[in-house]
Amino acid sequence: MFHRGTWKLAASVVTSLLLLSGCGLFGKDEAVKEIDPPQDVSYLKDGQSLQETTGKQGGEKDEKKATETVKRELYLIDKNGFVVPQTVELPKTDAVAKQVLEYLVEDGPVSELLPNGFRAVLPADTRVLGVKLEKDGTIIADFSPEFANYKPEDEKRILQAITWTLTQFDNVKRVKIRINGYDQDVMPVNKTPIQDGVSRADGINIDAKGVADITNTHPVTVYFVAQQGNDTYYVPVTRRVSNKEKDDIVAAVNELIKGPSYGSGLVSEFQPDTQLVGKPKYEDGKVTLNFNESIYGSNKKNVISDHVLNSLVLSLTEQKGIESVSIMVNGKANLVREDGKPLSEPVARPEKVNTESF
């Protein structure tokens with residue numbers, strides 16, 4: 001059986017990677033608002049909408065712009081084979097959707113940015129021939145023929161990485177693939193369906209172990225913890241839960257308590273006897289959870305683990321309409337974070353996930 005005992009990180013890692021500030025995770029909330037992705041021909045500058053037009057800059061302004069960077073999420077493959085978001089600094093560009101795809105290519109510009117234990121997802125020498133955003137939120141990514149030169153076991157990872165990388169932009173709802181200008185109804189090697197497009201609702205790192213009848217289930221995505229050396233990061237995993245469970249908030253919490261699959265390389269600090277006391281309350285984007293005292297784990301009374309808190313916030317804000325999470329224990333909101341600060345306000349999802357380089 002999988003041992004789910006609590007493990008601690010070095011203080012320096014906790015400070016740099018998991019520091020909670022105000023109502024955000026992993027440091028101060030970023031003020032950067034996600035830009036709309038580029039259209040087929042007219043590319044946008046950061047901060048502009050699809051309706052705005054842009055003028056060219058010259059001289060010193062162009063030189064300054066060339067040195068500016070912006071944080072983007074790239075979905076890469078870790079040592080355990082999971083598709084994981086990593087936030088990196090990329091040069092500012094008008095062609096933002098094309099850029100993030102180019103940074104998914106093996107031996108491409110991402111090579112100098114790869115965290116330890118991670119690899120790029122697209123085959124070497126793959127070129128991004130273009131991207132087109134349609135009015136319904138479907139973005140079409142056109143790749144060169146080298147795109148098909150991947151191992152069969154990487155096919156779903158590639159499709160998930162492309163989809164989740166592009167859907168970080170608010171206006172992108174689903175992704176379709178072209179190769180050399182030709183629409184693809186399926187992926188080229190193992191024939192994974194694409195059809196009308198793939199979205200986040202199709203899941204990521206799908207774990208269907210123990211599910212006998214998948215037709216009577218629906219997906220719920222939760223975040224577990226992985227470790228690389230002395231550093232940690234959060235991994236999204238899509239579980240299949242019974243359609244009898246009508247409350248996806250309860251379903252997500254139960255999956256977190258259940259913990260990751262044995263041998264997955266993922267860990268959890270939730271104690272197996274952790275339970276919700278009463279139904280979650282939802283109002284104006286905020287979810288309030290009321291737990292029994294087992295939510296503290298092996299920590300001192302009233303102290304909630306950073307990993308437990310972060311996993312809850314990331315998992316629940318993955319669901320539509322949920323913006324923040326408030327936690328109570330036996331009806332009382334007197335919890336304390338690991339750094340000693342009171343957990344007095346709802347905690348919001350960070351602008352980016354896994355923001356530290358390591």
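Accessible areas here come from the Shrake-Rupley method with a 1.4 Å probe, and for residues only the protein chains shown count as cover.

**Figure 1. The whole chain and its surface.** This is a predicted model, in which local features need pLDDT of at least 70 and side-chain atom pairs count only at pLDDT 80 or more, while totals for chains, interfaces and linings use all residues. Residues are numbered from 1 along each chain as its sequence is written, and side-chain values use heavy atoms, with hydrogens and water left out. The chain exposes about 17300 Å², and carbon and sulfur atoms supply 47% of that area. You can find six helices and 12 strands; helices (H or I, at least four residues) and strands (E, at least two) are DSSP runs, numbered from the N terminus. Of the 358 residues, 50% count as buried (buried means under 20% relative accessible area, exposed over 50%, partly exposed in between, with a 1.4 Å probe and protein chains only).

**Figure 2. Helix α5 meets helix α6.** Two packed helices are described by the angle between their axes and the distance between the axes. Helix α5 (residues 248–258) and helix α6 (residues 306–316) pack at about 145°, with their axes 10 Å apart. Here, axes are lines fitted to C-alpha atoms, for helices over the stretch in contact, and angles run from 0 to 180 degrees between N-to-C directions. On the α5 side, Ile249, Ala252, Val253 and Leu256 make the contact, and α6 contributes Ser311, Leu312, Ser315 and Leu316 (contact means heavy atoms within 4.5 Å).

**Figure 3. What covers helix α5.** Eight of the 11 residues of α5 are buried, among them Val250, Glu255 and Ile257. Their cover includes the strands β7 (217–228), β8 (231–242) and β10 (286–291), along with helix α6.

Figure 4. Rings of Phe, Tyr and Trp (its six-membered ring) pair if their centres lie within 6.5 Å; planes under 30 degrees apart count as stacked, over 60 as edge-to-face and the rest as tilted. By this rule there are four aromatic pairs. Phenylalanine 143 and phenylalanine 147 form a stacked pair, because their ring centres are 4.6 Å apart and their planes lie at 10°. Both of these phenylalanines are buried. Ring pairs also bring in Tyr150, linking Phe143, Phe147 and Tyr150 into a cluster.

**Figure 5. Phenylalanine 169 in its loop.** Look for phenylalanine 169 in the loop between α4 (155–166) and β5 (174–179). Phenylalanine 169 is buried, with a relative accessible area of 0%. The C-alpha atoms of phenylalanine 169 and alanine 97 are 8.6 Å apart, although the two residues are 72 residues apart along the chain.
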